[in-house]
Amino acid sequence: MNSYLSLSAFTALLPLMVYVLRFPNGRRFYFWCFLAVAISGSGSWTIVMFAEGWQTGFAPALWVTITATLLIYLPIAGIYHEGYKLAAGLLPYLLMLGGLSFIWEGQLQGKNLTNASDFWVISHIIFSLTTYALLTLAAVAGFSAFVQERSLKTKKYTFLNVAFPTLASSENLESRLLELSTFVLSIGLITGTTIHFLQTGSFFQLTHKTLLSVGTFGIILTLLVARKVIGLRGIKAARWALLAFLTLTLAYPGVKFVTDVLLV
């Protein structure tokens, strides 16, 4: 039964990816329909997995990340100019995460949040997922800017130039999403510090996750300052955004992969 639901959730992502790549300028009505299908599929499977308590396995972490990213993407697609075109880069990545989850599908470890710091734990989880979703979208926008600027320089164009937002829209989306990521990540760091204090009595512990999260914050902040001061744009800015995304990926799914899969 679980395998069927997991496969259904994975399949629900396919129509949106095919549509945005095959018909990048297609009717927006179909886009919203396919996005609703993607959110319903991944969301339903995530609810089933977490129905009996918080799951700490690698596969559940991937699916809750997919669902959170789609939910954050929903308003971005509607509010920002050409924000819907980020789907051309976002969906292949989410499908890759969904595919990886099949390999470790059996690792559903239950963990109930019943201690005194539950509020802070839940808050930290929400802010962490939101940060990762926003930074994922910022990385897609940065990659889009990279593709568009490179095509302008080389005079070589592919279907991605039509599927992705324009260079100006990509840079605007990247900047706005990075600003949001910085704000949410700062709150996530505060809630994480609070949890550690409530559990141990100290404010800081030197772990891989902590170092990578703080490093991500520093990279994003440096990029935003560079945008304001020296006008950093295009490919160089995209590389910084992708570096921040890679660092946070190592901090969240990367560390979880090591602790829940490699070291088990």
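The lining of the largest cavity sorts into seven nonpolar, one polar and three charged residues (Ala, Val, Leu, Ile, Met, Phe, Trp, Tyr, Cys and Pro count as nonpolar, Asp, Glu, Lys and Arg as charged, and the others, Gly among them, as polar). This is a predicted model, where local features need pLDDT of at least 70, side-chain atom pairs count only at pLDDT 80 or more, and totals for chains, interfaces and linings use all residues. Residues are numbered from 1 along each chain as its sequence is written, and side-chain values use heavy atoms, leaving out hydrogens and water.

So what's a cavity here? On a 1 Å grid over the protein atoms alone, it's a set of points where a 1.4 Å probe fits but cannot get out, while a pocket is an open set with protein on both sides within 12 Å along at least five of seven lines; lining residues have an atom within 4 Å of a point. The whole structure has one cavity of 30 Å³ or more. The largest cavity comes in at about 70 Å³, a volume being the space filled by probe spheres set on points joined across faces, edges and corners. Among its lining residues are Tyr 19, Arg 27, Arg 28 and Lys 85.

Now for the second largest pocket, with a volume of about 200 Å³. Its lining includes Phe 143, Phe 164 and Phe 245, and α4 (87-103), α5 (118-154) and α9 (234-262) each give two or more residues to it (helices are DSSP runs of H or I, at least four residues, numbered from the N terminus). That lining has nine nonpolar, two polar and no charged residues.
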